[in-house]
Amino acid sequence: MALSCRGVCRGASLILLYGKRPVGVKASLCTPRLASTKSSSLWFVRHYSPSQARHGIGRSVVSGMKWANEKYERFLQRRFPRFYALYNTFMRGFMIFYKGFRLLFQDGKEVRRIVACMLSERTEHQNLPYRDMEKIRQVRRDLIKAIPLVILSIPPFANYVVFILMYLYPRQVLIRHFWTPQQLVEFQGVYHTQRAQHYWAVVKGMERTSTSVQDSRLKSRLTELCSKVRSGVHPVVSDVHAVRTLFSGPPLGIKKMYADQMRHLCALLFLTPRLPGFWIGRRLNSHALELMQLDRAIVRLGLHQLNDAELREACYVRGLNPDRLSPGQCREWLTQWLQFSAHLKESETSLYLHCMVLLTVNFPKHPRH
């Protein structure tokens with residue numbers, strides 16, 4: 001049957017309008033199905049679009065590659081079990097590193113957004129929402145830990161040494177983005193054990209300092225507080241506030257205490273104690289002020305707004321190990337902590353740091369197993 005001029009023109013107009021001939025439609029542009037109505041023509045073009053065809057091909061390629069990879073792994077596991085174990089370990093590590101870099105990149109984008117909002121809205125750091133403040137604090141600590149590793153990998157062929165260090169010492173070298181969930185729990189337990197080794201040294205330092213207190217009433221209250229903690233009793237907030245004046249000046253102020261006492265406090269915040277005394281005091285003061293600002297941000301947000309993971313992280317940062325605590329116990333302790341820190345002044349950062357021992361070492365009396 002000869003093609004009519006009208007059918008050819010209509011078919012050509014469709015090709016010019018949509019770029020390509022509809023997928024699955026034959027070349028006879030004058031067929032009644034194609035020339036019927038405008039709506040039916042649009043339906044065919046939309047249903048058989050080239051983009052959907054490309055997506056279909058892409059899914060087929062991905063599924064084929066997945067099938068080939070699974071077959072290859074089964075072949076290795078059956079014929080070369082030792083090599084398969086090494087291959088599986090390598091692939092698992094590669095996926096962890098890929099996920100870690102992706103999470104680190106996302107955190108970097110989030111911090112850049114927060115900083116941009118601060119600059120555009122002229123917002124001070126202490127007025128940020130809690131989650132934004134905590135994100136900035138975490139990313140800053142991660143970058144400080146990662147910078148030495150990046151510098152070490154700059155020389156030629158040094159990246160091989162870096163890979164060996166990351167494999168042998170993941171806790172010391174890698175940041176939290178590259179840890180597995182099991183490693184995160186394990187490493188936090190290790191860090192808390194190292195921190196807890198300094199708890200009783202901090203209490204003993206307070207007892208030794210109490211002998212130099214001139215006010216007999218404050219001296220007896222400080223001695224009673226230390227004795228209560230050493231006997232296994234968890235103090236209340238009023239016991240701590242009764243001696244708060246001793247921590248804003250001599251003998252336990254952040255600029256007045258002995259260097260040995262400050263070095264034991266460094267372990268509570270995972271700071272290095274191998275620095276001059278005046279530098280240690282400045283670092284302790286800045287970190288304590290940052291945590292106090294975070295406490296006020298939690299109060300503005302509302303403690304009930306924090307999920308279980310955020311509750312555990314908040315307790316861990318403030319000296320309490322949440323590994324064996326229920327979410328209700330974490331919430332109970334954090335409520336008490338916020339009641340304590342809400343009334344502190346910026347000059348009482350020393351009391352804040354000492355209470356990371358006084359209010360944590362005996363909580364709870366009967367931990368959940």
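This is a short chat about the predicted model shown above.

Me: How much of it is buried?
Reply: Of the 369 residues, 37% count as buried. The accessible surface comes to about 22,900 Å², and carbon and sulfur atoms account for 61% of that.

Me: Which residues have the most contacts inside the largest nonpolar core?
Reply: Leu 284 and Phe 340. That core has 65 residues. Helix H13, residues 277-301, gives the largest share, eight residues.

Me: What does Leu 284 contact, leaving aside neighbours within four places in sequence?
Reply: Ile 254, Met 262, Leu 265, Cys 266, Leu 269, Leu 271 and Leu 353. In general, nonpolar side chains in soluble globular proteins tend to be buried together.

Me: What about Arg 318, buried or exposed?
Reply: Arg 318 is buried, because its relative accessible area is 2%, under the 20% cut-off. Arg 318 sits in the loop between helix H14 (308-317) and helix H15 (327-341).

Me: Which backbone oxygen does the Arg 318 side chain reach?
Reply: That of Ala 314, at 2.9 Å. Not counting residues up to four places away in sequence, Arg 318 also touches a set that includes Asp 295, Trp 333, Trp 337 and Tyr 352.

Me: Switching to H5. Where does it bend?
Reply: At Ala 146, by about 35°. A proline, Pro 148, follows within four residues. H5 covers residues 130-152 and reaches 34 Å from first C-alpha to last, close to the 33 Å expected.

Me: Which H5 residues are buried?
Reply: Among them are Tyr 130, Asp 132, Glu 134, Arg 137 and Asp 142.

Me: Backbone now. Which peptide bonds are cis?
Reply: Pro 250 to Pro 251 is cis, with omega near 10°. Phe 363 to Pro 364 is cis too, with omega near -10°. Pro 251 lies in the loop between helix H11 (237-241) and helix H12 (259-268). Pro 364 lies in the segment after helix H16 (349-358).

Me: And which residues other than glycine have a positive phi?
Reply: Arg 122 has phi near 55°, and Phe 270 has phi near 60°. Most residues other than glycine have a negative phi.

Me: Where is Arg 122, and is it buried or exposed?
Reply: Arg 122 is in the loop between helix H4 (81-121) and H5. Arg 122 is exposed, with a relative accessible area of 77%.

Me: What does Phe 270 count as at 32% relative accessibility?
Reply: Partly exposed. Phe 270 lies in the loop between H12 and H13.

Note on methods
Residues numbered from 1 in each chain as written. Predicted model: local features only at pLDDT ≥ 70, side-chain atom pairs only at ≥ 80, totals over all residues. Heavy atoms only, no water. Helix = DSSP H or I, 4+ residues; strand = E, 2+ residues; numbered from the N terminus. Expected span 1.5 Å × (residues − 1). Bend = angle between axes of the 7 residues up to and from the residue. Buried < 20%, exposed > 50% of the residue type's maximum accessible area, 1.4 Å probe, protein only. Core = buried A, V, L, I, M, F, W, Y, C linked by side-chain atoms within 4.5 Å. Contact = heavy atoms within 4.5 Å. Polar contact = N/O pair within 3.5 Å; in protein donor to acceptor, adjacent residues only side chain to side chain. Areas by Shrake-Rupley, 256 points an atom, 1.4 Å probe, with all protein chains shown as cover.
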